[in-house]
Amino acid sequence: MVLDLDRCIESLFKRQLLAESVIKEICERTKELLMNESNVVHINAPVTVVGDIHGQFYDLLEIFKIGGYCPDTNYLFLGDYVDRGLYSVETMSILTCLKLRYPDRVQLVRGNHESRAVTQTYGFYTECMKKYGSPQVWHYFTDLFDYLTLSVVIDNMIFCVHGGLSPSIHTIDQIKVMDRFKEIPHEGPMADLVWSDPDPGREEFAVSPRGAGYTFGSLVVEKFLHENGMDHILRAHQLCMEGFQVLFDDQLSTVWSAPNYCYRCGNLASILEVGVDGERHFNVFEAAPENERPSAAEVQRAAMFANGIPTGLFSGVGSNGAMTSSPAAGNGNGNGASSFLTTAGMDPTQDAIHYFL
Amino acid sequence: MSSDSVLQNHHQHREGITTLSHDWTMVKAGTLVEKQTLVTIDAETTVEDACEVLLRGGITSAPVYDSAKQVYVGMFDYGDLMTYILLLLKKMEVPLQDQTMEMRDLIQRTNKSQTVPVKLASDLSGKDPFCTVLPETRLGAVVHDFGTGIHRVAVMDAEGTMKGILSQSSTLDYLMRHLSEYPQLQPIMQKSLQQCGLTNGRVLSVNGEEKVLDALISMSTHSVSSLAVLDDQGMLLGNISMTDIKHIMKNLRTSWLWISCFQLVCKIRLSHGVESGEDQYPILDVNSKSTFGYTLSKLQATKAHRMWVVNDSGCAVGVVSLTDVFRVLSGLIDS
């Protein structure tokens, strides 16, 4: 297949979906590329680090506006590209294309949402079914997720991962020898790297309230940085109302890049710009301006995803019991027992899906 | 070994004159509820308003107080709410001879579409009856009750003043926080779930596609408080429990009774993640090779009431509930 990546990227910037066959091709090629990446990728500054995006496509466009476009700006994405937001497909498609087009300028780390079990629960599977009418695209992307690297080191000084540390991992070398090419397990070092959270109230490891990974404290952070000769840990994974959070005497930061999370949390977001001399600057931003934000109908559909009814997981395409069309501009939270929210309400006149190729 | 026992003897006190206990079974129930803000529900409150009290307080049960008779008449919890809903929807038949006066009154009122005061719905499920202990009652005795399936006890002094509610969850939390003070508990923590006899449980389940209402009926019929939600291959997708009914009552989304169990699991996960800013793992489980101590840590950390036990392929092979935990712990006292 002849693939014009620049045209693909151009279409995706206009939020036009790529054809299923094109998605298949770009995923195949990106897997070949990622196969040769270590579980710990070493890069140099300057680089702009991006936290959780969760399908908030317009806010990703905002990030490119304020951080600069590829390949002029080097980017490191820390995972959680999909689920919850309305445009996980478009978000994942454009990031995959950018990685394929500029492999040395774009790094994609795996987040806890880049997983089959999680995407079936939190919205990505449903979105793929709605936009493509079959689970194929979900399969292509979730197979691709198995190839994403687990961590990145900037200038041998900053350790970047989606979640956090693991009681089983003391050195970078231990991460390098892991087999990452599989679904994220429930337990173990690979699960810990994408699920763990720092706990400023503690010194050591403790079982996490999330049901996977651990919480880790100050002594764990100090020991890890000391043993690996680094001075900072950079991660995402937790919602920050101010867009970022710095802990443990500036030894660890969280960067969060989905403003007004789920279109209702009202939080700020940020991207972290790492300079050549190691300076770290959090560039804070708000949700994308009014005229580029989703319409009221689309936000209501987001609320439907947020209260998700995944369709077609068990039965075939489309139907899952009675499908009633929901009112356009929602009159509150459902009235009475007869009308239950469905995702059947994708109004074709309001959401023109252009298929490319 | 001998040096250990020397150390042990050196630290032993006569329990009666010391405030620092090293025997967890001797801890007084009253001390565990000391700082609790007690929430009670007036007996005349409607069931819907009583539910609101539970939701707002983030609690799963509250004692019901009759201000006219100046006495506590029972507890109201989500199990009672579930029974109430099933009776309301006529999904549950209770033979006339088994109906209490309160139940008959409740059924009559629902038939006439009258509001129901919570005093008729308290202890409706027949499970978790109003169980009281004195503040001086020792934890060893309370744990024995917990091991038989009682989820909570009301700590009430001799004058009838309610001091607080001591639940299985808060007791587990206390023991885990103070684990280092109770070296007697160390050996059991290291044992595997298999050694504790916790991997051969019957897993009561529901297929992800079945309706929530049918799952609730099933729970009521089998007298259990939760079911594993499985896919067609028997893989664990999640969990549906009686307390999930609170999500249905929030915003009165009774329509949620007719969605599939898997859909409900997703909804709950989605809203929990936004509220706490942290998404949880879709399934709360432990591997069958895990230790008892690890399982308790996970129960405490996730605030779950049970952990599904899975084998290496992800299939549910058993369940460890808080009742099971306390049955094991009370077994320690007897031995």
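Predicted model: local features only at pLDDT ≥ 70, side-chain atom pairs only at ≥ 80, totals over all residues.
Which residues of H13(B) are buried?

Residues are numbered from 1 along each chain as its sequence is written, chains are lettered from A and ligands numbered from 1 in the order written, and side-chain values use heavy atoms, leaving out hydrogens and water.

**View 1. Helices H3 and H4 of chain B.** H3(B) spans residues 47-57 and H4(B) residues 78-88; they pack at about 150°, axes 11 Å apart. Helices are DSSP runs (H or I, at least four residues), numbered from the N terminus. Axes are lines fitted to C-alpha atoms over the stretch in contact, and angles run from 0 to 180 degrees between N-to-C directions. H3(B) is therefore roughly antiparallel to H4(B) (over 145 degrees). Val47(B), Glu48(B), Cys51(B), Leu54(B) and Leu55(B) of H3(B) meet Tyr78(B), Leu81(B) and Tyr84(B) of H4(B). Contact means heavy atoms within 4.5 Å. By class, this contact has 7 nonpolar, no polar and 1 charged residues.

**View 2. Helices H8 and H13 of chain B.** The axes of H8(B) (residues 168-177) and H13(B) (residues 292-302) come within 10 Å and cross at roughly 120°. H8(B) contributes Leu172(B), Asp173(B), Met176(B) and Arg177(B). H13(B) contributes Gly293(B), Leu296(B), Ser297(B), Leu299(B) and Gln300(B). The contact divides into 4 nonpolar, 3 polar and 2 charged residues.

**View 3. Burial of H13(B).** 8 of the 11 residues of H13(B) are buried, so this helix is largely enclosed by the rest of the structure. Buried means under 20% relative accessible area (1.4 Å probe, protein chains only). The buried residues are Phe292(B), Gly293(B), Thr295(B), Leu296(B), Lys298(B), Leu299(B), Ala301(B) and Thr302(B). Lys303(B) follows H13(B), with a positive phi near 60°.

**View 4. The largest nonpolar core.** This core holds 55 residues; Phe77(A), Tyr81(A) and Phe141(A) touch the most other members. A nonpolar core is a set of buried Ala, Val, Leu, Ile, Met, Phe, Trp, Tyr and Cys residues joined through side-chain atoms within 4.5 Å. Helix H4 of chain A (residues 88-101) supplies the largest share, 7 residues. Beyond its neighbours within four places in sequence, Phe141(A) contacts Ile23(A), Cys27(A), Met92(A), Ser93(A), Thr96(A) and Phe124(A). Another core, of 50 residues, lies apart; Val47(B), Val64(B), Leu87(B) and Val94(B) are among them.

How values were computed:
Helix = DSSP H or I, 4+ residues; strand = E, 2+ residues; numbered from the N terminus. Nonpolar A, V, L, I, M, F, W, Y, C, P; charged D, E, K, R; others polar. Parallel < 35°, antiparallel > 145°, perpendicular 65-115°, else oblique.
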